[in-house]
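Here are my notes for your review. Please read them with the coordinates open.

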Amino acid sequence: MAHDARRARGGEGPWLPSARGAVSAAVEEYLRGAGPPARSQDVASAPVYGDDLQLALYLCYELHYRGFADVPESHEWDPDLLRVRGALEHRFLTALRADTPAHDSVEDALADLLVEPVDGTGISHYLSANGELWHVREYAVQRSLYHLKEADPHAWVLPRLWGRAKAGMAAVEFDEYGGGRPDRVHARLFADLMTDLGLDTTYGYYLDEATAEALATVNLMSLLGLHRALRGALVGHFAAVEITSSPASRRLAETMRRTGAGPAAEHFYDEHVEADAVHEQVVRHEVIGGLLAEEPHLGPDVAFGIDVTGHLENRFADRLLGAWRAGKSSLRTPLRSGISLNP
Ligand SMILES: [Fe+2]
Ligand SMILES: [Fe+2]
């Protein structure tokens, strides 16, 4: 949906976005009250990492977060929609298991996380060396789908943990949720960063602009968070995020200063340099250590969670850097200064 149309509808949103193919179109029609949620042959034939399948899955998951202003809340537990979500998840998880190079042990998977690429090929390396303000704004738009609900997908794992793992996870989540201070909730800090960059902070506002690769990184979190059977992988995923965050946040904080992005933009990443250095230790020793002490058979799942995070983050980085190196926008619809280009 065009941005002006979103604004004209008023209210808080978020609103259903434009469909990207047969599956996402059918899911949207169903959410609006018409037709079956999707044909199984369309689900089976849609490219698994493509726009249509990833958006359809994202729409199904979003009903468990803040939903859509134009969709009844009761759809969250609609059995027909859950059946479609299950089929989409099956395709996604099957592809992830096939495409993710698996480490034999959690220790090996964790050790590889700390090996910085020698050629500095990550997004934070690129932004640090070459980033201009328009790159920074595009990065914020793509990441806003997660950061405006930062830590929410991981909160679902809490009832599935016990003892040290539960206490460690809750301690980190308490920090992510601002330690009791609404102005320090990390999602709030990210909204402040977006304000610095002249972006709209409405939850889900940039869903139309975000690429399939960005949607897939968020879908992974929802998939792992919503399934108790995947609690080990959720913990591995969370560890991967926290362990890689601190050095990347240092580079991004420097980028914000160099590009003059603004004080709140600097603060978001400065905050993560220090906070995630602490979170890394808690996640390693209490969350992973505690979980594997209770349930040692989950080791391969924890390693999978670490590895699959790298797999999807690499796909996301390839998409952004491929566009930027060619001097092009990484978004489905480019931004113009201040507001989106969308008519
Ligand atoms: Fe955070
Ligand atoms: Fe953190």
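Are Glu 176 and His 279 buried or exposed? Both are buried. Keep in mind that this is a predicted model. The points below start from that pair.

1. The iron ion (ligand 1) lies 4.0 Å from the iron ion (ligand 2). Glu 176 coordinates both. Glu 176 belongs to helix H10 (residues 163–176) and His 279 to helix H14 (residues 263–294), so this pair ties together parts that are 103 residues apart in sequence.

2. **Aromatic pairs.** The count of aromatic pairs is five. Take Tyr 65 and Trp 156: the ring centres are 4.8 Å apart and the planes meet at 50°, so the pair is tilted. Tyr 65 sits in the loop between helix H4 (51–62) and helix H5 (79–99), while Trp 156 sits in the loop between helix H9 (152–155) and H10; the pair therefore ties together parts that are 91 residues apart in sequence. Their burial can be checked too. Tyr 65 counts as buried because its relative accessibility is 16%, under the 20% limit. Trp 156, with a relative accessible area of 23%, is partly exposed.

3. **Aromatic cluster and charges over rings.** Phe 190, Phe 268 and Tyr 269 make up one aromatic cluster. Two arginines sit over rings. The charged end of Arg 66 is over the ring of Tyr 203, at 4.1 Å from its centre. Arg 97 lies over the face of Phe 304, with 4.5 Å to the ring centre.

4. **Lys 149.** Where is Lys 149 placed? Lys 149 is in the loop between helix H8 (133–147) and H9. With 1% relative accessibility, Lys 149 counts as buried. Its side chain makes a polar contact of 3.0 Å with the side chain of Tyr 58. A polar atom of the Lys 149 side chain also lies 3.2 Å from the backbone oxygen of Leu 145. Beyond four places in sequence, Lys 149 is in contact with Tyr 58, Glu 62, Tyr 65, Ala 187, Tyr 203 and Val 218.

5. **Nonpolar core.** The largest nonpolar core has 102 residues. Leu 88, Leu 96, Tyr 139, Leu 193 and Tyr 269 have the most contacts inside it. Helix H15 (residues 299–325) gives the most to this core, with eleven residues. In soluble globular proteins, nonpolar side chains tend to be buried together. Leaving out neighbours within four places in sequence, Tyr 139 is in contact with Ile 123, Leu 127, Leu 252, Tyr 269, Phe 316, Leu 320 and Trp 324.

6. **Arg 258.** Arg 258 is part of helix H13 (residues 231–259). Its relative accessible area is 46%, and Arg 258 is partly exposed. Setting aside residues up to four places away in sequence, Arg 258 touches Leu 127, Ser 128, Asn 130 and Gly 131. The backbone oxygen of Leu 127 is 2.9 Å from a polar atom of the Arg 258 side chain. One separation to check: Arg 258 and Glu 280 are 22 residues apart along the chain, and their C-alpha atoms are separated by 27 Å.

Terms used
Residues are numbered from 1 along each chain as its sequence is written. Chains are lettered from A and ligands numbered from 1 in the order in which they are written. This is a predicted model: local features need pLDDT of at least 70, side-chain atom pairs count only at pLDDT 80 or more; totals for chains, interfaces and linings use all residues. Side-chain values use heavy atoms; hydrogens and water are left out. Donors are N, O and S atoms within 2.8 Å of the metal (3.2 Å for Na, K and Ca); water is not among the atoms, so sites may look incomplete. Helices (H or I, at least four residues) and strands (E, at least two) are DSSP runs, numbered from the N terminus. Buried means under 20% relative accessible area, exposed over 50%, partly exposed in between (1.4 Å probe, protein chains only). Rings of Phe, Tyr and Trp (its six-membered ring) pair if their centres lie within 6.5 Å; planes under 30 degrees apart count as stacked, over 60 as edge-to-face and the rest as tilted. A charge sits over a ring if NZ of Lys or CZ of Arg is within 6 Å of the ring centre and within 35 degrees of the ring normal. A polar contact is a pair of N or O atoms within 3.5 Å; within protein, one must be able to donate a hydrogen and the other to accept it, and residues adjacent in sequence count only if both atoms are side-chain atoms. Contact means heavy atoms within 4.5 Å. A nonpolar core is a set of buried Ala, Val, Leu, Ile, Met, Phe, Trp, Tyr and Cys residues joined through side-chain atoms within 4.5 Å.
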